[in-house]
Amino acid sequence: MGSLLLSYPWWYVPGCLLAGAVAAVLLYYREKTFAGKPLSLRAGLALLRGFSVAVLCFLLLGPMLKMVDSEVRKPLAVILQDASQSAGAALGEEGRKSVDRQLADLSSAMSGDFEVVTLAFGSTVRPGPAETYEDKESDIEEALRYTREVFDPQRLGAVILMTDGVYNRGGHPLYAPVALQAPVYTVGLGNPEPVRDLAIKRLFHNKIAYKGDRFTVQLDLSAYNVAGERSELQISEITSGGIRVIEKQPVVIGESPYFETREIVLEATQPGVRRFRFQLNALNGERNTGNNTRDMFIEVLDARQKILLVADAPHPDIGALQRSLAEGRNYQVDVRLTNEKGKPVQGYDLVIFHQVPSVRQSATPLIQEWRQARVPAWFILGKQTDLQAFGAAQDLVRISGDGRNMNEVTAQTVPAFSLFTLSEELVRRLPQFPPLQAPFGTYQTSATARLLAQQRIGAVSTDFPLWVMGEEQGLKTGILTGEGIWKWRLFDYLQHENHDLVDELVRKTVQYLALREDKRRFRVI
């Protein structure tokens, strides 16, 4: 309804009327202009002038006209009901029915003073009351946060939390950063007697392991009200042929509550998706045995990569490369001369061309087979390399020269290289290694080429590529523009009594080139 609010006392209103009357008398009582005029004219004008002055004074005093509209609404009472499996198991069949009846009675009793809203929570928060107790997760923190964000804090009068207190998602409800501007009343669900429980709380493991490797699984074991008792942890692998028990470990519970983190070492024997089960034997009187068992899935990959090393003729570099790759058990290296027949290129993860194509043998059929198979390649150049045929085989590097003249070059690393990381010691020592034999000529590199090392001729640093990698049309290619890597391996052993630095350079190059991305767009766990 409308009302007139004044910013001054009410008795100022008669003062405004008096001011209007005074103005009318002064202006019209002795005014000679109206001589001979009817008295009613003078009286009417005086009355109009007096009213105008009174209204003007009233407005100048600053009255405020305000519309006031009020609506009375009941405060909100939000009931949060736990719908998790643990709450249902604690209540039992009769307990669930009793809670449903009592919840209906409570809502009816509070409806006179509150607007009652019932929500069920577990894995999610949804309109309640809970019809079933089947949620495998219980997040009390999320239920409180939902209440704060959805409902008007000015209307929220009370929050009633009905739960068994067990949560396996979200933070501890007492320390959760949820500030409610309303009191929270808790109603405990379940049997107040101490519950005997033995459980595997959490399980940590990698998603991928490699064939032949040993990997670690971490288990968090917990127990309540079973101090002094013993159980057994059984580790099994589940296959299409049944369950194979791998190991059994005793579990001695010294105190209550009991907690232990245990690490299990397993071996990846066969490639594929493997399923393992970790199970604790149930104790006498333990009602909830569902948390005694945990299953784990892990994908075992066959990490061995097949590498084909094709050479124009026997060379010390071939033996050096074989030894560098043989030190790691993840590589299978096959050597083949260009004039020999062997397995098709399609079955390999990487092809290393050592001075192929050469001036003696063009190896055109082999190059065509490699192109059709679209297998990553690593070209190592030397005195026998046909530079023109090499330029036609790939697009990263082109060399203009006759190939008969060679330069002695040492390696100068490029700091901007980012395809993989070399150790600091290798970056520091590599320029000290003996020179390689690189073709003399003019070098051109494509825009996609990434230089790991450039050529240094004597004391002159050049921008000619020595060790370069790149990707053209989705196919990875690497190029070493010099021969004589066997000298690097001997020098490394002479200086450090091992081949670690050269092996690192070779393996990281092969690892980058042979690595194939997992392009599966959909994976189910």
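This is a predicted model: local features need pLDDT of at least 70, side-chain atom pairs count only at pLDDT 80 or more; totals for chains, interfaces and linings use all residues.
A cavity is a set of points where a 1.4 Å probe fits but cannot get out, and its lining residues have an atom within 4 Å of a point.

Rolling a probe the size of a water molecule over the atoms shows where empty space is left. A search of the whole structure for cavities of 30 Å³ or more finds one. The volume of the largest cavity is about 30 Å³. Its lining consists of Phe 215, Glu 237, Glu 267, Ala 268, Thr 269, Gln 270, Arg 274, Phe 276 and Val 300. By class, four residues of this lining are nonpolar, two are polar and three are charged.

The packing of two helices may be considered next. Two packed helices are described by the angle between their axes and the distance between the axes. Helix 5, residues 316–326, packs against helix 9, residues 485–496, at an angle of about 55°, and the axes are 7 Å apart. An angle from 65 to 115 degrees would count as roughly perpendicular and one under 35 degrees as roughly parallel; helix 5 and helix 9 are therefore oblique to each other. On the side of helix 5, the contact is formed by Pro 316, Asp 317, Ala 320, Leu 321, Arg 323 and Ser 324, which meet Ile 485, Trp 486 and Arg 489 of helix 9. Five nonpolar residues, one polar residue and three charged residues make up this contact between helix 5 and helix 9.

The backbone also deserves attention in several loops. Gly 128 and Pro 129 are joined by a cis peptide bond, with omega about 5°. Pro 129 is located in the loop between strand 5 (125–127) and helix 4 (140–150). A cis peptide bond also links Ser 256 and Pro 257, where omega is about 0°. The loop that holds Pro 257 runs between strand 12 (242–252) and strand 13 (258–267).

Positive phi values in residues other than glycine are found at Asn 225, with phi near 60°, and at Gln 355, with phi near 55°. Asn 225 belongs to the loop between strand 10 (214–224) and strand 11 (230–239), whereas Gln 355 is placed in the loop between strand 18 (350–354) and helix 6 (364–373). Buried means under 20% relative accessible area, and exposed means over 50%. Asn 225 has a relative accessible area of 38% and is therefore partly exposed. Gln 355, at 4% relative accessibility, therefore counts as buried.

Notes
Residues are numbered from 1 along each chain as its sequence is written. Side-chain values use heavy atoms; hydrogens and water are left out. Axes are lines fitted to C-alpha atoms, for helices over the stretch in contact, and angles run from 0 to 180 degrees between N-to-C directions. Helices (H or I, at least four residues) and strands (E, at least two) are DSSP runs, numbered from the N terminus. Angles under 35 degrees count as roughly parallel, over 145 as roughly antiparallel, 65 to 115 as roughly perpendicular and the rest as oblique. Contact means heavy atoms within 4.5 Å. Ala, Val, Leu, Ile, Met, Phe, Trp, Tyr, Cys and Pro count as nonpolar, Asp, Glu, Lys and Arg as charged, and the others, Gly among them, as polar. On a 1 Å grid over the protein atoms alone, a cavity is a set of points where a 1.4 Å probe fits but cannot get out, and a pocket is an open set with protein on both sides within 12 Å along at least five of seven lines; lining residues have an atom within 4 Å of a point. Grid points are joined across faces, edges and corners, and a volume is the space filled by probe spheres set on the points. Buried means under 20% relative accessible area, exposed over 50%, partly exposed in between (1.4 Å probe, protein chains only).
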